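Let's take a walk through this one together, piece by piece. Have the viewer open and follow along.

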Amino acid sequence: MTKEAFNPWSSKSIKNYEAAFDEFGLKKIDNKLKLDHHLFRRNIIIAHRDFDKVFNRIKNKKPFIQMTGIASSGKLHFGHKSIIDMFTFFSKFQNSRNYFAISDIDAYCSREKFKSFEETKEYAIENLANVLALGVKKKYVYVQSKKESKYYSFIFELSKKITRKSFEATYGHIDLGKIQASLIQYGDILHPQLKDYEGKMPSLTGIALDQDPHAKITRDIARKFKLELPSFIYLLHQSGLKDSKMSASKPETAIFLDDSNIEIKKKIQHAFTGGRDTVEEQKRLGGDPEICKIHEFLLFHHLKDKFVKEIYDRCRSGNLLCGECKQLCTDFIIDFLEKHREKVKKNRKIAEKIINN
Ligand code: SF4
């Protein structure tokens with residue numbers, strides 16, 4: 001496993017998870033730590049750092065911090081949705097203290113495409129309307145560029161706790177924009193533990209595996225401030241529809257939350273499957289859902305375990321052909337997104353107000 005594979009700005013997919021766990025010291029989520037959510041039940045939340053601390057807090061009804069965010073650098077796709085789904089799930093525990101960042105400064109600093117900060121606003125509004133539509137409560141949301149001075153004082157303070165060397169050793173490069181973006185991210189995860197916010201306590205952030213370098217540095221910084229080491233749970237990457245990482249920069253690999261019905265049909269139609277070359281072979285030998293992007297999509301997003309299992313079993317036994325399966329997946333996505341778009345519409349004004357005020 002190379003550093004490149006764990007580069008948060010790379011669009012390459014991570015293939016060998018087990019090797020990654022060993023090399024990077026992550027713990028696998030075992031059955032004792034599973035909560036009742038499809039991402040846990042289906043082993044999509046696959047690894048953790050100190051999740052047991054938060055798990056025990058949940059079991060003992062004690063407070064814990066939950067923090068996540070979305071960089072407003074582009075449109076949201078279903079890969080982002082899993083992280084947001086996780087956030088809404090944990091935010092429903094009575095004792096969670098929730099922080100959801102609209103990361104506009106992070107987006108501006110780390111993405112070359114933005115020539116002015118103003119350009120991030122449009123995405124920030126759109127992203128926020130989608131985040132609210134997916135069930136994140138407005139009261140949990142903050143916008144990086146609108147945070148109070150004590151948050152920024154903390155970020156300046158923490159910037160002195162990390163050296164150029166350790167940044168380079170972790171990420172393999174020194175890019176000023178990305179350094180700034182990363183410093184803000186560390187601050188996002190740690191600031192809720194300051195006494196002006198919730199105070200020192202276990203915190204949880206759900207991330208994709210390739211974000212681990214941020215997690216490790218954040219924990220190092222927490223040590224230097226004598227804060228509780230933040231816990232992380234790691235979600236498997238939903239790979240792209242074309243056998244690569246789902247990426248906003250490659251629109252054909254992802255279903256975006258604002259894709260039209262025609263775009264959805266087309267993308268699903270051209271998705272990589274585990275189907276056989278001929279109908280006869282598929283009926284005789286069955287397909288391979290393990291490598292199929294349609295099955296993977298349903299595994300990540302369809303809420304009914306029974307439905308997803310039936311797809312798997314019917315595919316394996318040769319009782320399901322890819323044409324019918326793609327249709328079922330298309331219907332599911334269209335139905336979900338039609339309802340979602342209505343909710344986005346209702347939340348757009350609220351989002352505009354938060355971002356523009
Ligand atoms: Fe994939 Fe469905 Fe075809 Fe099986 S039947 S390979 S799950 S598209």
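**A walk through the model**

Start at helix H14, which covers residues 305–317 and has 13 residues. From its first C-alpha to its last, H14 reaches 18 Å, close to the 18 Å expected at 1.5 Å a residue. Keep in mind that this is a predicted model. Step just past the end of H14 and you land on Gly318, which takes a positive phi of about 85°.

Along with helix H13 (293–301) and helix H15 (322–356), H14 supplies at least two residues of the shell around the ligand. Which of these helices gives the most to that shell? That's H15, with three residues. In total, 14 residues surround the ligand, and the closest are Gly287, Cys292, Cys315, Cys322 and Cys325.

Now zoom out. The protein is divided into domain 1 (3–235) and domain 2 (259–356). Taken over C-alpha atoms, 27 Å separate the centres of domain 1 and domain 2. How many residues are in contact across the two domains? On the domain 1 side there are 18, in contact with 15 residues of domain 2. Looking at the side of domain 1 that touches domain 2, the elements giving two or more residues are helix H2 (38–41), helix H4 (78–91), helix H6 (119–133) and strand E5 (141–143). H6 gives the most to that side, with eight residues. By class, the side of domain 1 that touches domain 2 has ten nonpolar, three polar and five charged residues.

Last stop: the strands. Is strand E2 (residues 45–49) buried or exposed? Five of the five residues of E2 are buried, so E2 is largely enclosed by the rest of the structure. Strand E1 (residues 27–28) is joined to E2 by two bridges, and E1 and E2 run antiparallel. Strand E7 (residues 231–235) is joined to E2 by four bridges, again antiparallel.

Notes. Residues numbered from 1 in each chain as written. Predicted model: local features only at pLDDT ≥ 70, side-chain atom pairs only at ≥ 80, totals over all residues. Expected span 1.5 Å × (residues − 1). Near = placed C-beta within 6 Å. Domains from an automatic or database assignment. Contact = placed C-beta atoms within 7 Å. Nonpolar A, V, L, I, M, F, W, Y, C, P; charged D, E, K, R; others polar. Buried ≥ 20, exposed ≤ 12 C-beta atoms within 10 Å, placed from the backbone. Pairing = 2+ DSSP bridges.
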